[in-house]
Amino acid sequence: MTLLSVQDLRVSFPRPSGGRVEVVRGLSFDLGRERLGIVGESGSGKSMTGRALMGLIAPPGRVTAQRMQFDGTDLTKLSEKGYRALRGARMSMVLQDPKFSLNPVIRIGDQIAEALEFHTTLSAAARRAKVRDALEAVRIDDPDRVARLFPHEVSGGMGQRVMIAMMVVLEPDLMIADEPTSALDVSVREQVLAIMDDLVRRRGMGLMLISHDLNMVARWCDRILVMFNGEVVEEIGPGGLQAASHPYTRGLIASLPKLDDTRTELPVLDRAALARVNAEVRP
Amino acid sequence: MTQTLTPPGEKAGGQDAGPRVARGLLAAGGVLLTVALTFLGLLAITFVIGRVVPIDPVLAVVGDRASKETYDAVRLSMGLDDPLLIQFGRYVGAVLQGDLGQSVATGRAVASDLARVFPATLEMATIGILIGVAVGVPMGVLAAARQGSWVDQVIRVVGLAGYAIPAFWLGLVGLVLFYAKLRWVGGPGRIDLFLDGMVPARTGLLLIDSVIAGNWAALRSAASHIVLPATILGFFSLAYIARMTRSFMLEQLGQEFITTARVKGVPERVVIWRHAFRPIRVQLVTVIGLSYAGLLEGSVMIETVFSWPGIGNYLTTALLNADMNAVLGATLVIGAVFIAINKGSDLLYRLLDPRART
């Protein structure tokens, strides 16, 4: 069943010198209740894609699409109010760094309860119980204590688990995770991903995992879209990483360091060749 | 010795309130100590100023036609031949007993003069800052929330006007328009002439004193006299507060946690007031505190235009008459006000920002 269907999504911003620059150029994909990875280098448009889907691109940024359908709702025609009803309740987004994405002066429990506050009519006590459940779901041992803490009092890994709890407390259908582990210590990355993966599978949510880490995405996702320069250059199915054919993907794979490797220099992307390929693909 | 110490781990997890109360008392003691030290520093500065200015305190007492013998006798009796440290000790002792010396110009004790003029300024400055905060903060928040819109432009112009228009001009125009022409407000002075002195001075704040006395006519009159100068003061602090609020808000609205709030489907009003405004309260306390301290120094312009018997007026008159005791006394009061506002802001920080508590 298709949860999200996007066709020809374009995001553009005005250039200071006049005209507009497109950062997402005609992206199309369908997402079911599965785990879709979006990979690409910095500036390839992957984060903008996530924000455009959430309706978070503010003017002067502009989002257009031939079709952007979320579970029967036409997102292109949705008002801000309609979007607000979806956000937090049916679609949510985990941001990169809990140091910046959690409000420093509001207690963790209150921040998690906020989605409940504006989407449900639950009593304060019922909200507290839900917050405790959500914190337990991200494997926080003493949820009542953590709920009373401020974000600066928890570690990065725990902060990101709090962030996930905040985004799943209302059991949304779609979760976008925008570089959810890039700001974390290597030692807790896998743990955070495992928690997220477990939640997504158990609740049957659709996950869009945005990252620059090809290997990580390959490990946790059913399908991968490789983005370059605002466009999807390749789609990779399950276990198909080695079969990838596009020179950009091959370049990304080739430039990954390996433990038993004795190369002194890692290969880098041949951008001139990429520009040629891109020019051929485009009519 | 070592056995009596509790291990740090136990202390942190301890549930009895004893250590916490002790820590609080210790912190309060520390605050008092720093306040006392700062005040001592302030006294040292006013003392040194009093010694280095080229005004002979003896001449001020005996007049310039006194004989050499009288001059020397008075000098001796004033203790000006003693070592500086002893003189300073005497000065501190006198100040602590509330003795700031005699004012040459008014012939009264400086302390009782200040007790009369400072409340006049305090009353006006307090109403002024309340207006400045009540209007300036929402204006700044609105300007930031609608950045670049016409609302933002209008607020910018109002803010610029607050910087550019001289206070005395606004005061005069205000008097001509609202007092002389429209008769909406009272004229110069703190109260109508025939009510002057009718209310016994308890706090020195006329509005409060007339409420205590139950004299409603006096309250009405005092209110109609204070509204114009206080509004003008409020307008000037408003310009500054609105501008600072706007820039603090814009900084917060660009933060990642604002996106998080929107992702949760939080209404825009809540995004602005809960998520962006709460973190800037600490910065605002600083700005408002400085603004308030500035107003408490007394606006000489406004006090002159409105014949307001405040500390700004008093200090200026004292300076022009080389009335050193009055100048030093007023300086001391203004310095003490700064210390008090600074310490007050410090306490508020701890209340408003969880990060400042640890």
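Which residue in strand 10 of chain A stands opposite Gly37(A)? It is Ile224(A), and this pair is a handy way into the model. The structure is a predicted model, in which local features need pLDDT of at least 70 and side-chain atom pairs count only at pLDDT 80 or more, while totals for chains, interfaces and linings use all residues; side-chain values use heavy atoms, with hydrogens and water left out. Residues are numbered from 1 along each chain as its sequence is written, and chains are lettered from A and ligands numbered from 1 in the order in which they are written.

Gly37(A) and Ile224(A) face each other across strands 3 and 10 of chain A. Those two strands, residues 35-39 and residues 223-228, run parallel and are joined by four bridges. Strands here are DSSP runs of E with at least two residues, helices are runs of H or I with at least four residues, and both are numbered from the N terminus; two strands pair if DSSP finds at least two bridges between them. In general, strands of a sheet pair through backbone hydrogen bonds, either parallel or antiparallel.

Now for the charged side chains. A salt bridge is a side-chain nitrogen of Lys or Arg within 4 Å of a carboxyl oxygen of Asp or Glu, and the count over all chains is 33. One of them joins Lys46(A) to Glu179(A), with the closest N and O atoms 3.7 Å apart. The partners are 133 residues apart, Lys46(A) in helix 1 (residues 46-53) and Glu179(A) in the loop between strand 8 (174-178) and helix 8 (186-203). Both are buried, that is, under 20% relative accessible area, where exposed is over 50% and partly exposed is in between (1.4 Å probe, protein chains only). Glu171(A) and Arg203(A) also meet in a salt bridge, at 3.9 Å from N to O. Here Glu171(A) is partly exposed at 49%, as is Arg203(A) at 31%.

Chain B is divided into domain 1 (20-96) and domain 2 (118-356), with bounds from an automatic or database domain assignment. Their C-alpha centres lie 33 Å apart, and the contact (heavy atoms within 4.5 Å) takes 14 residues from domain 1 and nine residues from domain 2. About 1,000 Å² is buried between these domains, with 89% coming from carbon and sulfur atoms; buried area is the accessible area (1.4 Å probe) that two parts lose on being put together, summed over both. In domain 1 of chain B, Leu42(B), Thr46(B) and Ile55(B) lose the most area to domain 2, together 39% of what that side buries. Zero salt bridges are found across this interface.
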